[in-house]
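Me: Please go through this model with me, one question at a time. I would like the criteria stated along with the values.

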Amino acid sequence: MAKAFKYGLKGITGYLEPAERELLRGLLDDVISMLEPQLSQGEDPLTALIGLDMNVKEPSDRALLRLLPNVMKNDDDASLEFRQLTERSLREGKIGALRAAAMGLDRNELVLSKEEAKLWSMALNDVRLVLAERLDIRDEADADHVHAMQDWSQAEDVESYLALVYNFTTWLQESLVQAMMASMERKS
């Protein structure tokens, strides 16, 4: 059974069972796959290198749109222009955090540096955003309904299983953030 992240002499530590590691690795890999930019035929390598993507469009997948939202609610043209200038680098930053967390799962003991903890927190947040969108969490009542699902033996369908996975990643991220806060308090 997973143990919450804690801050101690070794730094920020946690523990995941092999099955929990594989579950988390699968989630991280799925979000990475969602975020990987599509390469255009004949794309200018210099443009790609500096992070521009003039062919980008608003994602049709609601979960991907949650990860890469429009910056202006009522101005589609300004949102598209901003997206063209920033989306590639935003995707790459998110993918980097997700890959760092996935690589951390290769170690038997989860001992995170300050930077690794930050990347893990970002990665877990992105996983949770995708799961929240798949579960159609829109308000507190929806979240309460999802959080009510706590027993793995009651998972009868995809939605109840996703709810349990969402609750697990929420708990894991909350414990990580608490350990990060504890590390900052002790250094003050």
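Reply: Before the questions, one criterion: a residue is buried under 20% relative accessible area, exposed over 50%, and partly exposed in between (1.4 Å probe, protein chains only). The model is predicted, so local features need pLDDT of at least 70 and side-chain atom pairs count only at pLDDT 80 or more, while totals for chains, interfaces and linings use all residues. Residues are numbered from 1 along each chain as its sequence is written, and side-chain values use heavy atoms, with hydrogens and water left out.

Me: Is Glu-58 buried, partly exposed or exposed?
Reply: Glu-58 is found in the loop between α2 (45–49) and α3 (62–67). Its relative accessible area is 44%. Because that value falls between the two cut-offs, Glu-58 is partly exposed.

Me: Which residues gather with Glu-58 in a patch of negative charge on the surface?
Reply: Patches are made of residues with over 30% relative accessible area and no salt bridge, like charges being joined within 9 Å and nonpolar side chains (Val, Leu, Ile, Met, Phe, Trp, Tyr) within 5 Å. Asp and Glu count as negative, Lys and Arg as positive, and His and the chain ends are not counted. A charge is placed at NZ of Lys, CZ of Arg, CG of Asp or CD of Glu. The residues that gather with Glu-58 are Asp-75, Asp-76, Asp-77 and Glu-81.

Me: In what order do the elements of the protein chain run from the N terminus?
Reply: Helices (H or I, at least four residues) and strands (E, at least two) are DSSP runs, numbered from the N terminus. The protein chain has 7 helices and 3 strands. Their order is β-β-α-α-α-α-β-α-α-α.

Me: What is the area of the nonpolar surface patch that includes Phe-82?
Reply: Phe-82 sits in helix α4 and is partly exposed at 41% relative accessible area. Val-71 and Met-72 make the patch together with Phe-82. Accessible areas come from the Shrake-Rupley method with a 1.4 Å probe, and for residues only the protein chains shown count as cover. The patch has an area of about 260 Å².

Me: Which residues is Arg-91 in contact with, leaving aside its neighbours within four places in sequence?
Reply: Arg-91 belongs to helix α4 (residues 76–104). This arginine counts as buried, because its relative accessibility is 9%. With contact meaning heavy atoms within 4.5 Å, the partners of Arg-91 are Met-34, Leu-35, Glu-36, Pro-37, Leu-64 and Leu-68.

Me: How many residues apart in sequence are the parts that Asp-136 and Arg-62 tie together?
Reply: A salt bridge is a side-chain nitrogen of Lys or Arg within 4 Å of a carboxyl oxygen of Asp or Glu. Asp-136 and Arg-62 form one, with their closest N and O atoms 2.9 Å apart. Asp-136 lies in the loop between α5 and α6 and Arg-62 in helix α3, so the separation of the parts in sequence is 74 residues.

Me: Is Glu-133 buried or exposed?
Reply: The side chain of Glu-133 meets that of Arg-138 in a salt bridge (2.5 Å, N to O). Arg-138 is partly exposed at 45%. Glu-133 has 7% relative accessibility and therefore counts as buried.

Me: Which residues are linked in a network of salt bridges with Asp-136?
Reply: Asp-136 also forms a salt bridge with Arg-138, the closest N and O atoms being 3.0 Å apart. The residues linked with Asp-136 in the network are Arg-62, Arg-66, Glu-133 and Arg-138.
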